[in-house]
Amino acid sequence: MSDISKKIDNAESPLAFSLPLLFCPLLILGWIYGGIMLIFAPIFGYVIISIIDLFIGENKKEQILNSENINNYKIILFAWPFIQFFLLFGSLIVICFFDHLSVFEAIVLMLVQGMISGAVGITFAHELMHQKTKFERFLSDLLMGMALYGHFRTEHVHVHHRFVGTEKDAVTARYNESFYTFFLRVIPECFKSAWKVETSRLLTKNKSIFNLSNPFYVYLSLALFFSLLSFLIGGFWAVCLFLIQALVAVIHLEVVNYIEHYGLSRQKIDDEKYEPTKPFHSWNANHAASNLLLINLQKHSDHHARPNKTYPLLSAYDQNSAPQLPFGYPIMVVLSLIPFLWRKVMNPKVLEWREQFYPQIKVWDKLN
């Protein structure tokens with residue numbers, strides 16, 4: 001009997017993974033009242049979730065679901081692109097058509113919107129881009145388009161998952177590399193690697209790089225569409241605000257990429273091949289509340305070991321099978337932005353990981 005055909009009583013319900021919906025009323029309060037209400041959403045996402053994590057700890061229950069119920073977990077994924085569209089362009093309409101928010105409040109509102117677009121929208125896009133149907137992948141493209149980062153789908157699925165933990169993967173953060181150095185390196189490298197993959201795939205099929213099957217047409221079209229819509233709402237001011245939220249969304253994406261594989265690497269088997277990706281090639285976090293908010297994104301070890309597994313089925317690995325983050329992502333994101341604190345917390349953990357999983361290697365000067 002396969003995992004998906006089994007059922008146990010302690011599986012999380014689909015409703016539990018609807019926690020991101022709480023961002024909607026919190027953001028709308030910011031629309032209406034401005035001021036202090038604008039920071040309610042980040043307080044919820046970063047502070048309250050982290051406090052709940054600390055109080056209730058980790059959730060290591062095995063998620064095994066009935067095949068009849070698995071589609072219920074997709075409802076939030078299918079709904080979110082339209083919810084985010086409403087929140088994002090609703091924010092622009094509130095700013096540009098009403099005059100109760102100051103310029104400062106307008107910028108803060110779009111910073112908060114960018115946090116939601118990145119922490120929730122791109123997390124959901126990540127789940128959708130791993131699915132098999134064109135509809136789900138298009139929903140992923142919609143969400144990435146709102147962050148002007150459509151090429152991430154190509155880069156993530158065809159480059160990152162293949163080369164994680166190697167020098168060929170730009171988004172595997174190097175040991176001792178700060179997030180800021182990582183961010184400046186990864187932005188151009190990821191675009192170049194995504195373009196290289198898609199052009200190579202087309203040429204392999206004897207098609208021109210300008211063939212309409214090139215997904216970069218979709219990525220560019222959606223970016224232009226959302227930018228044009230912003231312009232129609234409020235001219236260049238609205239476009240600037242849209243760009244602010246897109247930048248914040250991308251920062252959220254890349255800071256999570258930075259956290260997920262910092263300092264970890266795979267061994268080379270020969271000149272062309274690396275060892276298979278295993279759970280211990282990704283940092284894992286089983287913290288309950290932040291995993292509900294981020295639809296189990298923090299169970300990253302299982303995701304890389306089994307990329308086709310849907311989010312409610314991801315397993316919670318322990319310290320014997322995968323390296324563990326000391327906190328959930330909200331706290332880890334803040335730590336990553338303070339390099340000396342990040343290194344103080346994480347560098348010893350990387351050294352422990354090396355000793356635990358590769359005791360035979362004595363010299364670690366670079367990725368294998």
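This is a predicted model: local features need pLDDT of at least 70, side-chain atom pairs count only at pLDDT 80 or more; totals for chains, interfaces and linings use all residues.
**View 1. Helices H1 and H3 pack roughly parallel to each other.**
Helix H1 covers residues 23-33. The axes of H1 and H3 lie 10 Å apart, at an angle of about 10 degrees. From H1, the residues Cys24, Leu27, Ile28 and Trp31 make the contact. They meet Trp80, Ile83, Phe86, Leu87, Gly90, Ser91 and Val94 of H3. This contact holds 9 nonpolar residues, 2 polar ones and no charged ones.

H3 spans residues 75-97, and H8 spans residues 216-261. Their axes come within 10 Å and cross at roughly 100 degrees. On the H3 side, the contact residues include Phe85, Leu88, Phe89 and Leu92. Ile93, Ile95, Cys96 and Phe97 of H3 also take part. On the H8 side, among them are Phe226, Leu229, Ile233, Trp237 and Phe242. The contact of H3 with H8 has 15 nonpolar residues, 3 polar and no charged.

**View 2. A salt bridge joins glutamate 136 and lysine 74.**
The two side chains meet at 3.1 Å, N to O. Glutamate 136 sits in helix H5, residues 134-145. Lysine 74 sits in the loop between H2 and H3. The pair therefore ties together parts that are 62 residues apart in sequence. In total, the structure holds 8 salt bridges.

**View 3. A nonpolar patch lies on the surface.**
Its members include Ile36, Ile39, Phe40, Ile43 and Val47. Ile48, Ile51, Ile52, Phe55 and Ile56 belong to the patch too. Together, the patch residues have about 890 Å² of accessible area. Isoleucine 56 is part of helix H2, which runs over residues 40-56.

How values were computed: Residues are numbered from 1 along each chain as its sequence is written. Side-chain values use heavy atoms; hydrogens and water are left out. Axes are lines fitted to C-alpha atoms, for helices over the stretch in contact, and angles run from 0 to 180 degrees between N-to-C directions. Helices (H or I, at least four residues) and strands (E, at least two) are DSSP runs, numbered from the N terminus. Contact means heavy atoms within 4.5 Å. Ala, Val, Leu, Ile, Met, Phe, Trp, Tyr, Cys and Pro count as nonpolar, Asp, Glu, Lys and Arg as charged, and the others, Gly among them, as polar. Patches are made of residues with over 30% relative accessible area and no salt bridge: like charges are joined within 9 Å, nonpolar side chains (Val, Leu, Ile, Met, Phe, Trp, Tyr) within 5 Å. Accessible areas come from the Shrake-Rupley method with a 1.4 Å probe; for residues, only the protein chains shown count as cover. A salt bridge is a side-chain nitrogen of Lys or Arg within 4 Å of a carboxyl oxygen of Asp or Glu. Angles under 35 degrees count as roughly parallel, over 145 as roughly antiparallel, 65 to 115 as roughly perpendicular and the rest as oblique.
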